[in-house]
Amino acid sequence: TKGTDVPRCVETFDEASFPGYLTRDLKARESFKAPSAVQSQAWPVALSGRDLVAIAETGSGKTLSYVCPVIVHVNAQPVLGKGEGPIALVLAPTRELACQIELEVATFAASSEVKHVCVYGGVPKPPQIRALKTGQSEICVATPGRLIDFLDCGVTNLKRASFVVLDEADRMLDMGFAPQIRRILNKVRPDRQILMFTATWPREVREIARDFLKTDPVEIRSGGAG
Ligand code: ADP
Ligand code: MG
């Protein structure tokens, strides 16, 4: 880890101090014995409200590193009013990844009845527009291009967004999404919390971190990645 006053890592699911419904859901997974390295350090950082950069290789359990804190965050916010966009936004590079993330969100959102929506390109817009407009979803998982389309035509908005996750940030930038990511982040209120996950740490990713994260993010590296 790098950064000032980095919160202590947790070694068990109980130590993470999530609400009971989340701890139960985590322990219910047969193959889950303890937090992965990234989770054990990312959870306390995310729950303390700090911005985070996690550089960790594929398969290190990054998805739940943010999904659990996202659910805690959303449940601590006033309920969404009519016409208000999501409270938490997760950006991912591809449709496949966005759908995988939504599946994981769905598993852990069920017990506290948090609603979620997933939007991505390459498919017709109307069903996603309906889902955004009528769903009042607290969590939106999105690919950057399709989300920008919907923001531009007012289908949704980021006025309530206070928690943003960039997953596979390096891949999103490789795919040329930097302008879209910048436009999206510029629409999010300045007091938001941002978590950024990446497998590598090239200049483009460092620039996004420098320009949008708070000045003293916690940096986690796991498994010699990056
Ligand atoms: P990454 O995004 O870092 O590539 P994923 O979040 O996709 O990794 O997780 C990889 C696999 O590890 C998934 O099958 C996930 O269910 C599993 N996993 C996540 N956290 C744990 C854990 N604490 N214990 C055991 N398996 C886990
Ligand atoms: Mg991942």
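Predicted model: local features only at pLDDT ≥ 70, side-chain atom pairs only at ≥ 80, totals over all residues.
## Surface and overall build

Residues are numbered from 1 along each chain as its sequence is written, chains are lettered from A and ligands numbered from 1 in the order in which they are written, and side-chain values use heavy atoms, with hydrogens and water left out.

You will find nine helices and seven strands in the chain, where helices (H or I, at least four residues) and strands (E, at least two) are DSSP runs numbered from the N terminus. With a radius of gyration of 16 Å, close to the 17 Å that the globule rule gives for 226 residues, the chain is as compact as a globular protein of that length. That radius is taken over C-alpha atoms, and the rule is 2.2 Å times the number of residues to the power 0.38. The C-alpha trace spans about 45 × 40 × 30 Å along its principal axes.

## Burial, contacts and charge

Of the 226 residues, 52% are buried; buried means under 20% relative accessible area, exposed over 50%, and partly exposed in between (1.4 Å probe, protein chains only). Among contacts (heavy atoms within 4.5 Å) with a separation of 6 or more, 75% join residues 24 or more positions apart.

The chain carries 28 positive and 26 negative side chains, and the centres of the two sets lie 6 Å apart. Here Lys and Arg count as positive and Asp and Glu as negative, while His and the chain ends are not counted; each charge is placed at NZ of Lys, CZ of Arg, CG of Asp or CD of Glu.

## Helix α1 and Thr23

The buried residues of α1 are Tyr21, Leu22, Thr23 and Leu26, and they pack against α2 (37–47), α3 (62–75) and α4 (95–109). An α-helix has 3.6 residues a turn, so residues three or four places apart point the same way.

Thr23 sits in this helix, α1 (residues 20–27), and its 10% relative accessibility makes it buried. A polar atom of the Thr23 side chain lies 3.4 Å from the backbone oxygen of Phe18. Beyond its neighbours within four places in sequence, Thr23 is in contact with Phe13, Asp14 and Phe18.

Ile139 belongs to strand β4 (residues 139–142) and is buried, at a relative accessible area of 0%. Outside the four places on either side, contacts of Ile139 include Val70, Ile71, Val105 and Val117.

Gln128, in helix α5 (residues 126–135), is also buried, with a relative accessible area of 6%. Not counting residues up to four places away, Gln128 touches residues including Tyr120, Arg146 and Phe150.

## Two loop glutamates

Glu113 lies in the loop between α4 and β3 (116–119). Though not a glycine, Glu113 has a positive phi of about 55°, and it is exposed, with a relative accessible area of 67%.

Glu168, in the loop between β5 (163–166) and α7 (169–174), has a positive phi of about 50° and is not a glycine. With a relative accessible area of 24%, Glu168 is partly exposed.

Note on methods. Polar contact = N/O pair within 3.5 Å; in protein donor to acceptor, adjacent residues only side chain to side chain.
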